[in-house]
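Please keep the sequence and the model in view while going through the points.

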Amino acid sequence: INRISARVHFASSFQGVQVTDYSLETMSGYNGLFQVFLMYSAFEGFIELFPEIKIYEVEKHFTEYDYENISNRILDLDKKGKFLNSLHDQLHPKKGKNHRDNIQEFQNRETRSPLSVATAIRHVFAHGKLSPNTNDANPKKVGKICLLLSDLMLTIMDTEFEKKIDSFYDELKTKALEKKKK
């Protein structure tokens, strides 16, 4: 839990990187990609607290989040599909087939979860294949897409962790009351 907490804290505290000779728009995109990379790393660790949940099925278990609205906003920001098409194309055709299929389903609105986009970003960016202006994408919009994804993951982690702790305390109280009755 300490490791996950440290990762969440670092990811949510991330303010960006400072470099010279890059435009503000490009840096907005890079900072967004770094933010998703960091937040997704924390999110993977967080999901391990729920052994019954697979990373690709988060929305089936944590249903009260506005996945559809966030998905629509992402698709609106990437109307021409420049970013998502490039993300799809940069995933390995065999090793990344599941990621590619998930991105395609997302673009076709066959899935309501944008978390597949976060997964693909983390994967492609970590391997050094992704930049915010890939395929002539608008880096400022890429930054906004990444912010939506990072905020979603942070909201899920904050809310679900609090529920898990509350459940743990409720269980302790119940056991203590049962002990007193004996």
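1. Apart from neighbours within four places in sequence, S116 is in contact with N102, I103 and F106. This residue of the predicted model lies in helix α7. S116 counts as buried, because its relative accessibility is 12% and the limit for a buried residue is under 20%. The C-alpha atoms of S116 and N102 are separated by 6.0 Å, although the two residues are 14 residues apart along the chain.

2. A6 is found in helix α1, and at 45% relative accessibility it counts as partly exposed. From A6 to L87 there are 81 residues in sequence, and the C-alpha atoms of the two are 29 Å apart in space.

3. What does its secondary structure consist of? There are eight helices and zero strands, so that the pattern along the sequence reads α-α-α-α-α-α-α-α. Taken along the principal axes, the C-alpha atoms fill a box of roughly 70 × 40 × 30 Å. The chain has 182 residues, of which 43% are buried. Of the contacts between residues at least 6 apart in sequence, 73% join residues at least 24 apart.

4. The packing of helices deserves a separate point. Two packed helices are described by the angle between their axes and the distance between the axes. For helix α1 (residues 2–13) and α2, the axes come within 9 Å and cross at roughly 160°. α1 is therefore roughly antiparallel to α2, since an angle over 145 degrees is counted in that way. The crossing of these two helices, α1 and α2, is left-handed. On the α1 side, the contact is made by I4, R7, V8, F10, A11 and S12. On the α2 side, the residues are Q35, L38, M39, S41, A42, G45 and F46.

5. Helix α2 also meets α7. How do the axes of α2 and α7 cross, and within what distance do they come? The axes come within 9 Å, and the crossing angle is roughly 110°. This makes α2 roughly perpendicular to α7, because angles of 65 to 115 degrees are placed in that class. From α2, the residues involved are Y30, L33, F34, V36, F37, Y40, F43 and E44. They meet L115, A118, T119, I121, R122, F125 and A126 in α7.

6. Helix α7 has a further partner in helix α8 (residues 139–181). The axes of α7 and α8 come within 10 Å and cross at roughly 110°. The two helices, α7 and α8, are therefore roughly perpendicular to each other. In α7 the contact is made by L115, V117, A118 and I121, and in α8 by C146, L149, L152, M153 and I156.

7. Aromatic residues form the next topic. The structure holds ten aromatic pairs. One of them joins F37 and F125, with 6.4 Å from centre to centre and 65° between the planes. The pair is edge-to-face, because the angle between its planes is over 60 degrees. F37 lies in helix α2 (residues 24–47) and F125 in helix α7 (residues 115–126), so the pair ties together parts that are 88 residues apart in sequence.

8. Another aromatic pair is formed by Y40 and F43. Their centres are 6.4 Å apart, and the angle of 45° between the planes makes the pair tilted. Y40 and F43 are three residues apart in helix α2, so about one helical turn separates them. Both Y40 and F43 are buried.

9. Which residues form one aromatic cluster together with Y40 and F43? F46, F50 and F62 complete the cluster. K164 lies over the face of F50, at 4.6 Å from the ring centre.

Note on methods:
Residues are numbered from 1 along each chain as its sequence is written. This is a predicted model: local features need pLDDT of at least 70, side-chain atom pairs count only at pLDDT 80 or more; totals for chains, interfaces and linings use all residues. Side-chain values use heavy atoms; hydrogens and water are left out. Rings of Phe, Tyr and Trp (its six-membered ring) pair if their centres lie within 6.5 Å; planes under 30 degrees apart count as stacked, over 60 as edge-to-face and the rest as tilted. Helices (H or I, at least four residues) and strands (E, at least two) are DSSP runs, numbered from the N terminus. Buried means under 20% relative accessible area, exposed over 50%, partly exposed in between (1.4 Å probe, protein chains only). A charge sits over a ring if NZ of Lys or CZ of Arg is within 6 Å of the ring centre and within 35 degrees of the ring normal. Axes are lines fitted to C-alpha atoms, for helices over the stretch in contact, and angles run from 0 to 180 degrees between N-to-C directions. Angles under 35 degrees count as roughly parallel, over 145 as roughly antiparallel, 65 to 115 as roughly perpendicular and the rest as oblique. A crossing is left-handed if the near helix is turned anticlockwise from the far one by less than a right angle, and right-handed if clockwise. Contact means heavy atoms within 4.5 Å.
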